[in-house]
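User: I am new to this structure and would like a close look at a single part of it. Please take the metal site and what surrounds it, and go through it step by step.

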Amino acid sequence: MAIREILIYPDDKLREVAKPVEFPLSDEVKAVVQDMADTMYDAPGVGLAATQLGVALRIAITDTDWRSGEVRHEDGGEPVAARNLKVWINPEFRWREEGMVTCEEGCLSVPEVYEDIDRPAAVRLRWQDMEGETHEADFEGFQAVALQHEFDHLDGILFIDKLSRLKQGMIKKKLKKRKKLQNS
Ligand code: NI
């Protein structure tokens, strides 16, 4: 278990196209998945792609319940946030709806930037689980958006790529300045 460093835009490694994962999973890859979860919950975030940790493998995780305010009590103790960790390996969209939905998106690799992005409102996804078993299911709304955001990372795409050049330039400037401040 370890929290790893999340790469921040503009880091070239965020532009890498990730490679398919082979089964059975090696201990090294299993450790990557565990570290991804630790890192995402620590951040905290609702999704993370292996690319964001500098690992070019087609793995992403999500927990779209994480910040929804849902809590449960364990043995009458302190309430803890619900965890619904999903691991998506070698994900592939089989279909995307033509209708679009607009959601405000943010990204752990693009800190403090939140922008409205249009994406297909529903998707059909095929993916593999930790055992290598293949699944197919439909998703819509926030889940569909979160999955498209995360799987874009596996192709080296960031949500800010969908904004105007002007806005992208401003964001790049802001994050370079932030980095300079942190390093000084
Ligand atoms: Ni992201």
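Is Cys103 buried or exposed? And which residues hold the nickel ion?

Analyst: The model is a predicted one. Cys103 has a relative accessibility of 18%, and because the cut-off for buried is under 20%, Cys103 counts as buried. A disulfide would need the two sulfur atoms within 2.5 Å, and the structure holds 0 disulfides.

The nickel ion has as protein donors the SG atom of Cys107 and the NE2 atoms of His149 and His153. These donors lie 2.1 to 2.3 Å from the ion. Along the chain their spacing reads C-x41-H-x3-H. Cys107 and His153 link distant parts of the chain, being 46 residues apart. Cys107 belongs to strand β6, residues 100-107, while His153 belongs to helix α2, residues 141-154.

With a relative accessibility of 1%, Gln148 counts as buried. Its side chain reaches the backbone oxygen of Pro120 at 2.9 Å. Leaving aside residues up to four places away in sequence, Gln148 touches Phe93, Arg96, Arg119, Pro120 and Val123.

Pro120 brings in the strand β7, which spans 110-120 and against which the buried residues of another helix, α3, pack. Helix α3 covers residues 165-183, 19 residues in total. From its first C-alpha to its last it reaches 27 Å, close to the 27 Å expected at 1.5 Å a residue. Gln168, Ile171 and Leu175 are buried in α3. Viewed down the axis of α3, the buried residues fall within an arc of 65°, so they line one face of the helix. The face turned away from that buried side carries the exposed residues Leu166, Met170, Lys173, Lys177, Lys180 and Leu181.

To return to the question about the metal, the protein donors of the nickel ion are Cys107, His149 and His153. Cys103 is buried as well, but the list of protein donors names Cys107 as its cysteine.

Technical notes
Residues numbered from 1 in each chain as written. Predicted model: local features only at pLDDT ≥ 70, side-chain atom pairs only at ≥ 80, totals over all residues. Heavy atoms only, no water. Donors = N, O, S within 2.8 Å, 3.2 Å for Na, K, Ca; no water. Helix = DSSP H or I, 4+ residues; strand = E, 2+ residues; numbered from the N terminus. Buried < 20%, exposed > 50% of the residue type's maximum accessible area, 1.4 Å probe, protein only. Expected span 1.5 Å × (residues − 1). Arc of directions from axis to C-beta. Contact = heavy atoms within 4.5 Å. Polar contact = N/O pair within 3.5 Å; in protein donor to acceptor, adjacent residues only side chain to side chain.
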